[in-house]
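Dear colleague,

Please find below the structure that I am handing over to you. A summary of the findings follows it.

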Amino acid sequence: MASSTHTPSALPSDSATQDVAKLAAAAEAQQAAESVESAEAEAYERTHVHGVYEAIAPHFSATRYKPWPAVASFLSSQNPGAVGFDVGCGNGKYLGVNPSLFMVGSDRSESLVALAEKRGRQLLQEGKRNVDQDRTNPAGGEGTGGAAVGIATEVVVADGLSLPFRERSADFVICVAVVHHMSTRSRRQEAIRQLLRCVKLGGNDHADGGGQVLVYVWALEQGSSRRGWEEGGEQDLLVPWVLKSGQKKPKAEKMPQDAPSKGGEAETATPAADPVFKRYYHLYRKGELEEDILAAGGVVVTSGYEKDNWWVVATNEPPSSSSRPR
Amino acid sequence: MKVLTLNFLTCAARSCKQSSDSFPLHPKEAELASDDVELNPQLLSNLLPRLDWNALRTTSTELGFPALPEQPPTLEELESDEKTLKDLHSLLMETNLMEGKLVCGHCGHEYAVKEGIANFLLPSHLV
């Protein structure tokens, strides 16, 4: 039996059996520490992510209605009838972008999901009105053609780390501005792993690469923004949201046409009475999202940068890479 | 929540993912409502191959609808048989689960459905 003095162990001990016992104890302790860490991370996110979105839901929703171009083009590239999930759907602004798809949204915030449902119903009603107008007016105009309405209301409340979606059932998944709210790297990678599990695997025998997952996160490199974040800066931040009292009834007010990231982000001088909520963000540095995709067992298909955000389209690793030319 | 959506939902608990009993979820004390949705034959035939037909049969029966055939209709049948098309449209697109529960057949957890929205947040012992 090899003497323990020959093993480069960090634990000084008299015998190999003791080493093993200590290693086992260390592993157990590490597991316990991880579980504590995970519980702490969860509690932290409850305060600095979930609680904030519950509190700011209507105001937040009123500032989020314009789809990001990279997301909109991903959605319009999907085949008609494709099934997709929007994990962290917020107010559901992506659910009706391409009416030939069937999409189900999920979000951790009950308030945002309720708003998304309401929004979908309104779109449905408006669509119906447009269709009726088209019918009564043969000259037509643009119209929605009827097919453009129907499914924009399918939403559930769910945690991104415990998704209720049938595995391998989706043609695609989008996850926009969500993963950066997870407060440890292992949780961010686990969130991506969960997304990858939702989509179909590619086939061996044909060019089908399987379902695609689009992940979109805030970038550390925001050279053009007024936030002043750039390469080399702090990546884990609490970002204030000022709940403007004048905007508590978003329905009554039309928000100005503005880029999606700007609205309400604590940039203007506000009266002292406006409450400020701080949301946790992990700002992704260049290349980090790709690393997390790989760690989660994914393959990067394409990636890019769009106005202060990094995005990646990923798939699962092919079942047998040797038999596939690509 | 549409019956169509139920075909893509399973138990959120990690320990249930590997069990075939966790899908489909079983409606309990279900209150249904019917929406008037424009018939979209193209969307239906595109969705058909993406459905888990056996699960849909179970759901349909559990909600008290007539039993569906063992095999899904072929695309040709769907195009030529208007009744099949309309029945499927009515079940998948127009029938909504508004209130009640969705029960996992593996762990027994009941997910509440309120105002058409199911809540899949888990109690901490199931996470």
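Two residues are taken to be in contact if their C-beta atoms, placed from the backbone, lie within 7 Å. By this criterion, A:V173 touches A:G84, A:F85, A:V87, A:L195, A:C198, A:V199 and A:V213, leaving aside residues up to four places away in sequence.

The model is predicted: local features need pLDDT of at least 70, side-chain atom pairs count only at pLDDT 80 or more, and totals for chains, interfaces and linings use all residues. Residues are numbered from 1 along each chain as its sequence is written, while chains are lettered from A and ligands numbered from 1 in the order in which they are written.

Chain A contains 5 helices and 9 strands (DSSP runs numbered from the N terminus, helices being H or I with at least four residues and strands E with at least two). Of its 326 residues, 39% are buried, that is, 20 or more other C-beta atoms, placed from the backbone, lie within 10 Å of their own.

A:V173 is also among the residues with the most contacts inside the largest nonpolar core, which has 95 residues; such a core is a set of buried Ala, Val, Leu, Ile, Met, Phe, Trp, Tyr and Cys residues joined through C-beta atoms within 7 Å.

Between the chains, 27 residues of chain A are in contact with 30 residues of chain B. Helix 3 of chain A provides the largest share of the chain A side, 4 residues. Strand 3 of chain A pairs in the parallel sense with strand 4 (residues 117-119) of chain B over 2 bridges, pairing requiring at least two DSSP bridges. There, A:V156 has B:A118 as its bridge partner.

Yours sincerely

Conventions:
A residue is buried if 20 or more other C-beta atoms lie within 10 Å of its own, exposed if 12 or fewer, and partly exposed in between; C-beta atoms are placed from the backbone.
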